[in-house]
Amino acid sequence: MKPQSIHVLLYPIGAPEAEVMACENSNSYIGMEQYRLIKATGRFPGARLFQMDGAVAAEDVLLIMLPLPQVPLEIIERFNRVVYYYDDMSTVKAELPEYRLHFERVSVYISPLADTAAQMNAAGLKKSYHVPWSMCPIEYSINKSEKPSMLVDMDGRDFTRYSIDHGFGFSQRLLGLGIQPFAFKRFEPHCPAELHPRIRFIENMPRPEFLRFLSTMWAYASGIRGSYEFCVLESAMSGCALISLYGALPAEHWQRRSYLKYSGEAKFEDTLRTMLASYDPLAVQQDALALYPRDAKQQLEPILRENFG
């Protein structure tokens with residue numbers, strides 16, 4: 001396996017590095033973060049972004065790091081060795097028409113979720129491995145707000161619209177505890193009138209600005225289910241406690257310090273008070289570095305060697 005033979009496919013497809021880094025699409029910044037860490041290991045000095053007009057040798061590997069259905073089949077078919085490393089896969093999705101033809105051409109699947117990799121192997125669908133997402137070092141200091149604060153994240157997709165009701169119901173209980181809830185402005189039209197003056201709504205912002213905002217939050221609460229939320233990792237690296245609203249987050253994150261599950265429990269306020277009493281953002285960050293280690297990309301080398309020699 002030649003280290004210079006890895007073509008990393010990110011979104012926008014075929015774009016130069018500067019364009020990918022400037023793109024605010026979540027697929028772009030997740031993929032670019034992993035790509036930068038792959039380069040930083042020093043084990044793949046020739047790894048490069050895929051270029052539409054680039055030459056492809058028989059031993060070259062295509063490493064896909066964006067949702068599989070977004071990749072034109074003709075790109076995948078140019079390679080004999082294809083690795084799919086992304087969170088957008090499950091045993092169910094592998095059988096869907098929009099995934100099946102693409103996934104059949106994948107040689108190896110790598111998931112940032114251990115459970116997903118195990119399920120894929122148990123089902124015999126594709127040889128699969130677990131390599132967690134991770135992040136480059138953050139370039140800002142963590143300065144938490146004086147008053148306890150929490151970003152309550154919701155999901156506007158049709159099949160998870162109930163997360164909006166859950167999010168505002170949870171926010172009401174936070175206010176009763178003297179905790180300031182924040183929410184994205186796109187959910188403002190759904191906010192109950194009696195809560196509206198008390199919730200702080202924020203606009204979408206470029207990722208560096210969003211990370212600095214997270215560094216001021218005491219906690220991040222997510223009602224978004226159905227995918228591995230990169231915000232969970234970002235909030236951990238920013239020293240935020242984590243709340244899973246109505247089972248939204250996978251078990252992968254349950255090992256984190258300052259983690260709670262909320263499903264409308266009557267005595268949740270007591271539980272939250274106890275957690276916040278011992279809240280230590282630096283300890284949260286230390287746990288995050290253990291769960292999502294920056295050197296995790298070193299695991300790619302033995303995976304490629306095992307499968308491609």
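**Note on aromatic contacts and a pocket**

1. Tyr262 has a relative accessibility of 3%, so this residue counts as buried, the cut-off being under 20%. The model is a predicted one. Phe268 is buried as well, its relative accessible area being 4%.

2. Tyr262 and Phe268 pair through their rings, with 4.7 Å from centre to centre and 65° between the planes, an edge-to-face arrangement. Both belong to one aromatic cluster, together with Phe170 and Tyr246.

3. The structure has 14 aromatic pairs. In one of them, the ring centres of Tyr85 and Trp133 are 4.9 Å apart and the planes stand at 45°, so this pair is tilted. Tyr85 is part of strand β4 (residues 81–85), while Trp133 is in the loop between β6 (128–130) and β7 (149–153); the pair therefore ties together parts 48 residues apart in sequence. Tyr85 and Trp133 are both buried.

4. Charged side chains also meet rings. Lys261 lies over the face of Trp254, 3.8 Å from the ring centre. The charged end of Arg186 sits over the ring of Phe184, at 4.7 Å from its centre.

5. The second largest pocket holds about 420 Å³ of space. Its lining has 20 residues, of which Glu33, Arg36, Arg207, Pro208 and Leu211 are the closest to the centre. Two or more lining residues come from each of α1 (17–22), α2 (26–40) and α7 (207–214). By type, the lining of this pocket has 14 nonpolar residues, six charged and no polar ones.

Definitions and conventions
Residues numbered from 1 in each chain as written. Predicted model: local features only at pLDDT ≥ 70, side-chain atom pairs only at ≥ 80, totals over all residues. Heavy atoms only, no water. 1 Å grid on protein atoms, 1.4 Å probe; cavity = no way out; pocket = protein on both sides within 12 Å on 5 of 7 lines; lining within 4 Å. Points joined across faces, edges and corners; volume = space filled by probe spheres on them. Helix = DSSP H or I, 4+ residues; strand = E, 2+ residues; numbered from the N terminus. Nonpolar A, V, L, I, M, F, W, Y, C, P; charged D, E, K, R; others polar. Phe/Tyr/Trp six-rings, centres within 6.5 Å; stacked < 30°, edge-to-face > 60°. Buried < 20%, exposed > 50% of the residue type's maximum accessible area, 1.4 Å probe, protein only. Lys NZ or Arg CZ within 6 Å of the ring centre and 35° of its normal.
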